[in-house]
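Here is a short tour for a first look. Keep the sequence and the 3D view side by side as you read.

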Amino acid sequence: MTNEILRLKDVHVRYGNIEALKGINLSINEGEIVSLIGANGAGKSTLLKAIVGLEPLTHGSIEYRGKSIRDGSRNRKLNIHTDKIIAAGISMVPEGRGIFHELTILENLEVGAYLLTDNSEKKRRIEEKFEMFPILRDRRKQLAGYLSGGEQQMLTIARALMSSPALLLLDEPALGLAPIIIQNIFATISKINKEDKVSIFLVEQNARMALEISDKGYVMETGNIVLEDKSKNLLVNPKVKAAYLGE
Amino acid sequence: MNFFNIPSNELLQHLINGLTLGAIYSLIALGYTMVYGILKFINFAHGEILMIGAYAAYYFYSFLYDPAKGSSFIMAIFIAALLIAMFASAALGVLIERFAYKPLRKAPRLAPLLSAIGVSIILANLAALFFGTKSRKFEYPFDNTIIQIGSLNITPNQVMILGVGFVMMVSLKLFIDKTKLGKAMRATSQNQPVASLMGININRIISLTFAIGSALAAVAGVLMALEFKVYPTMGTMAGLKAFIAAVVGGIGNINGAMVGGIILGLLETFGVVILGIPQGLKDTIAFTVLILILLFRPSGILLKNIKEKV
């Protein structure tokens with residue numbers, strides 16, 4: 001039996017009168033890449049925010065390594081704060097990148113390792129990220145706001161890895177980038193998974209790329225999971241082909 | 001040399017006076033701007049936090065004050081009084097945030113602003129009730145006879161204000177720029193949800209911001225008290241002026257608050273001399289500056305150039 005790193009049970013999230021998530025069941029195993037595809041407004045970003053505690057659940061529960069991190073009840077023991085969730089080993093590349101524009105690239109990476117107290121280890125991790133994305137090393141003293149879109153995306157991924165997470169959540173890392181950069185980013189994601197054994201939950205509109213690098217895929221429509229299968233099966237599924245792969 | 005009909009020997013004198021006033025405004029303005037940077041609202045109780053700090057220092061200091069014990073003893077209790085003021089104001093600032101602002105964090109932006117004004121009125125009135133409305137003299141911890149350097153008259157207290165102001169601002173700048181917590185503070189002010197994704201405890205950063213801003217206000221309060229005495233509304237006008245200074249520098253901008261305070265101090269001092277405004281109407285200068293800034297440069301004189309990239 002494989003080890004489950006994340007499990008969502010009947011997760012509901014509501015914004016006023018609108019139910020954004022209508023009972024999501026989903027699981028990610030240790031070492032897997034799992035992708036979630038769906039159109040704009042399907043609730044994908046809301047789902048990620050719910051996992052890291054940026055949106056409260058109205059019902060259901062989320063477990064990380066068998067322990068509750070978020071819960072639909074008001075029970076404080078079952079609902080831990082975002083900073084504690086990050087400390088437990090989850091990291092996230094948020095929607096729209098969310099770099100700190102007025103911090104330098106180096107400072108962005110340092111803040112990424114905020115919970116790390118060992119300075120030599122921090123240096124080592126920064127060096128490792130510069131190996132991964134050499135462009136960031138060249139521009140480390142510059143304000144992050146001056147980076148191009150693709151470079152900002154590299155920075156957010158590097159920053160999310162600074163905490164050496166066990167589970168990395170990525171919210172549309174390919175959005176608005178040129179095809180060659182997208183390929184780069186996806187190759188990096190795949191590499192992080194294989195070499196550093198980071199489990200990955202990838203939320204994407206770029207369905208083909210996402211399914212090609214992932215083990216398992218979920219398809220989401222208006223707050224519900226409508227399909228769930230191995231990624232290679234979803235790639236040949238006629239419904240997925242018609243709706244998401246443009247064939 | 002003759003600027004605006006000011007004899008050159010007086011020019012330097014006004015410059016020193018302006019800088020001294022400006023240093024006090026800067027210290028107070030930092031609190032407004034730091035809180036605005038993180039919570040996007042103006043803590044209108046800031047002036048009263050300053051006043052409470054000044055009273056804490058006053059009671060401690062005047063209780064132990066005894067000229068017979070020698071100058072080093074008096075200096076020691078003065079430094080202790082300054083630290084007590086900083087601690088008292090920091091604690092008060094954190095408590096006010098916890099009970100008057102935090103519950104309103106998700107409310108419309110007008111709500112915490114009104115809460116701040118309410119807290120400000122309550123504190124000023126409680127101070128009047130418990131400490132009395134009489135102005136109290138804060139004895140100088142040293143002999144404050146004017147030192148003459150050529151044609152320049154400078155008091156030891158002015159030297160202290162300039163020195164303490166400089167040390168406080170440099171330390172704050174180093175803290176914000178170089179330390180881990182300083183970086184976390186800047187990250188939090190730029191993007192709160194993403195900062196929490198870095199594992200930063202946002203509530204702790206907000207408390208820290210209030211503590212530092214309030215402690216700086218307390219320092220300004222004690223420095224002011226030496227010149228202008230201690231009374232329940234001492235923070236009101238100083239607070240307003242410092243708020244204007246923060247707006248001049250660009251609210252939310254730390255460097256801006258320091259520069260804005262100095263500029264306002266100089267404008268007030270030179271405005272009186274150049275425009276011949278009577279001392280009693282001196283305050284009109286600051287408010288005129290506020291109106292002009294809001295009309296022509298609402299984001300302050302130090303512009304930020306980085307646009308969000310989508």
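## Where the chains meet

The contact draws on 24 residues of chain A and 18 residues of chain B. On the side of chain A that touches chain B, the elements giving two or more residues are α2 (82–87), α3 (105–112) and α6 of chain A. That side holds twelve nonpolar, eight polar and four charged residues. Note that this is a predicted model.

## The six-stranded sheet of chain A

Chain A has an open sheet of six strands. Their order is β6-β7-β8-β3-β9-β10, and the pairing is mixed. At the edges lie β6 (90–93) and β10 (224–230) of chain A, each pairing on one side only. Direction ignored, neighbouring strands of this sheet are turned by 15 degrees against each other on average.

Look next at one pair inside this order. Strands β3 (residues 33–38) and β9 (residues 216–221) of chain A run parallel and are joined by five bridges. V34(A) has its bridge partner in β9(A), namely K216(A).

## Helices across the sheet

Helix α6 (residues 149–161) of chain A lies across β6 and β7 (167–171) of chain A. It runs at about 170 degrees to β6(A).

Helix α7 (residues 179–196) of chain A lies across β3, β7 and β8 (199–204) of chain A. Its angle to β8(A) is about 160 degrees.

## A hairpin in chain A

Strands β1 (residues 4–15) and β2 (residues 18–29) of chain A pair in the antiparallel sense, over nine bridges. One bridge partner to find is that of L8(A): it is L26(A) in β2(A). The two strands, β1(A) and β2(A), form a hairpin with two residues between them. In the turn, G16(A) has a positive phi of about 60 degrees.

## Chain B as a whole

Chain B has eleven helices and four strands. Its radius of gyration is 20 Å, close to the 19 Å that the globule rule gives for 310 residues, so chain B is as compact as a globular protein of that length. The C-alpha trace of chain B spans about 60 × 50 × 35 Å along its principal axes.

Of the 310 residues in chain B, 47% are buried. Among contacts in chain B with a separation of 6 or more, 75% join residues 24 or more positions apart.

## One helix of chain B

Helix α10 (residues 254–275) of chain B has 22 residues. From first C-alpha to last it reaches 30 Å, close to the 32 Å expected at 1.5 Å a residue. Just after α10(B) comes G276(B), with a positive phi of about 65 degrees.

Technical notes:
Residues are numbered from 1 along each chain as its sequence is written. Chains are lettered from A and ligands numbered from 1 in the order in which they are written. This is a predicted model: local features need pLDDT of at least 70, side-chain atom pairs count only at pLDDT 80 or more; totals for chains, interfaces and linings use all residues. The expected span of a helix is 1.5 Å times one less than its number of residues. Two strands pair if DSSP finds at least two bridges between them. Axes are lines fitted to C-alpha atoms, for helices over the stretch in contact, and angles run from 0 to 180 degrees between N-to-C directions. Two residues are in contact if their C-beta atoms, placed from the backbone, lie within 7 Å. Ala, Val, Leu, Ile, Met, Phe, Trp, Tyr, Cys and Pro count as nonpolar, Asp, Glu, Lys and Arg as charged, and the others, Gly among them, as polar. The radius of gyration is taken over C-alpha atoms; the globule rule is 2.2 Å times the number of residues to the power 0.38. A residue is buried if 20 or more other C-beta atoms lie within 10 Å of its own, exposed if 12 or fewer, and partly exposed in between; C-beta atoms are placed from the backbone.
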